[in-house]
Amino acid sequence: MAVFNAPDFDNHEAVVFCNDAETGLNAIIAVHDTTLGPSLGGCRFWPYENDGDALTDALRLSRGMTYKAALADTGRGGGKSVIIGDPRRIGTPALFRAMGRFVERMGGAYTIAEDVGTSPADMAHVHQETKHVAGLEGGSGDPSPATALGVFVGIQAALKHQRGDDDLKGVTVAAQGLGHVGWDLCNRLHQAGARLIVSDMRDEITSEATRQFGATAVGIDTIHAVRADVFAPCALGGSLNDRTIPALKASIVAGSANNQLAESRHGDILAARGVLYAPDYVINAGGIINIAHEGVAYDQAAAFAHVARIGDTLGQLFKRADTERLTTSQMADQMAREVLARAAGRSLAA
Ligand SMILES: NC(=O)c1ccc[n+]([C@@H]2O[C@H](COP(=O)([O-])OP(=O)(O)OC[C@H]3O[C@@H](n4cnc5c(N)ncnc54)[C@H](O)[C@@H]3O)[C@@H](O)[C@H]2O)c1
């Protein structure tokens, strides 16, 4: 298994392989870039088929965190950790404590948080061994309301860019997924006067949205294709693909899901069709901004004011993408690289 020559290796500062035979812990901690500050990123617990897949995930996700943190102005760098295995089978308190000891050895270069397969309760075990843990119970709390706020202001920024007006009254939003983020987002949109079309695998939640928000519920196979102004993917990744894009009627895509583009070329296809796409890692940064505000004393008002700046960032990004004839995804990456280069005091060409 190649590391320095792995396709996703991008001059990562450190890649640490962690093993604790007693608890069965096999993990990888990847610190991509600490130019902007110590790295912060979640810990994914997943039954990877092989070590190579785990390494790819750690390398790719930690790099993504660098870019996300750079545009979110959190003063943090990008890191991520992965634990290999089935969390239900091997996710014991002892294993999380062993993970905590490895995080502690990083000396603060990496702060761990929950992610897919881990919970705040697991992080409490990690916390027994290290203080470099974010998102604990009693800290900044569930990040989803902050993420939903970021998506809400992101939708407003997209409307403003496309129509010169960010008023949501009478705007139709098709929301895919009514989970922690999707529900909160719909609540905000409803309060602002938007019309909602919703879908979720769970019928009880779509019925509730019909009652509370006057939403129209549709099946999960058709939500992307309904007549709407905005499509908001708030479920799983990959919802923008060869099957869904041709059926898309919305002229704005702005939602919380990670990795919305099945492949990067789908960003080009959206742009060619005149669809304004709010890059996922920019619009869904509210949660990480909120967590980055955990310090001596967490101040929700300050954290949410910071989250609301996502709208300004997206407004600038949309304008520059037009001027520089780049897709919005390309523009986001370019702007993140500029932030990093400025902080490192080097020119981008160097
Ligand atoms: N929670 C956060 O703060 C946060 C931050 C950044 C990114 N995200 C991303 O946003 C997305 C939603 O996060 P969440 O915390 O609300 O998750 P969640 O698990 O609470 O909600 C997801 C919802 O989507 C529904 N769903 C699953 N497949 C679907 C489909 N095919 N069609 C319609 N609905 C479907 C589920 O039933 C569930 O209600 C995820 O991609 C997540 O990675 C979340």
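Helix α3 (93-105) is covered at its buried residues by elements that include β1 (14-20), β2 (25-33), β4 (77-84), α2 (87-90), β5 and α4. Cover here means contact, with C-beta atoms, placed from the backbone, within 7 Å. Helices (H or I, at least four residues) and strands (E, at least two) are DSSP runs, numbered from the N terminus. The model is predicted; local features need pLDDT of at least 70, side-chain atom pairs count only at pLDDT 80 or more, and totals for chains, interfaces and linings use all residues. Residues are numbered from 1 along each chain as its sequence is written.

The buried residues of α3 are Leu-95, Phe-96, Ala-98, Met-99, Gly-100, Phe-102 and Val-103. A residue is buried if 20 or more other C-beta atoms lie within 10 Å of its own, exposed if 12 or fewer, and partly exposed in between; C-beta atoms are placed from the backbone. The length of α3 agrees with expectation, because its 13 residues at 1.5 Å a residue should span 18 Å and its end C-alpha atoms are 19 Å apart. The expected span is 1.5 Å times one less than the number of residues. Gly-107 follows α3 and has a positive phi, near 65°.

In α4 (residues 120-127), Asp-122, Met-123, Val-126 and His-127 are buried. They lie on the same side of α4, because they cover an arc of only 150° around the axis. The arc is that of the directions from the helix axis to the C-beta atoms. Both α3 and β5 (110-114) are among the elements that cover these residues.

The protein chain is divided into domain 1 (14-66 + 77-127) and domain 2 (144-338). These bounds come from an automatic or database domain assignment. Taken over C-alpha atoms, the domain centres are separated by 28 Å.

Leu-168 sits in the loop between α5 (144-163) and β6 (172-176). Leu-168 counts as buried because it has 22 C-beta neighbours inside 10 Å. Leaving aside residues up to four places away in sequence, Leu-168 touches Leu-189, Ala-192, Gly-193 and Ala-194. The C-alpha atoms of Leu-168 and His-190 are 9.0 Å apart, although 22 residues separate the two along the chain.

The ligand is surrounded by 23 residues, the closest being Thr-147, Gly-177, Gly-179, Ala-235 and Gly-287. Helices α5 and α6 (180-191) each supply at least two shell residues. The largest share, three residues, comes from α6. By class, the shell holds nine nonpolar, 12 polar and two charged residues. Ala, Val, Leu, Ile, Met, Phe, Trp, Tyr, Cys and Pro count as nonpolar, Asp, Glu, Lys and Arg as charged, and the others, Gly among them, as polar.

Methods:
Contact = placed C-beta atoms within 7 Å. Near = placed C-beta within 6 Å.
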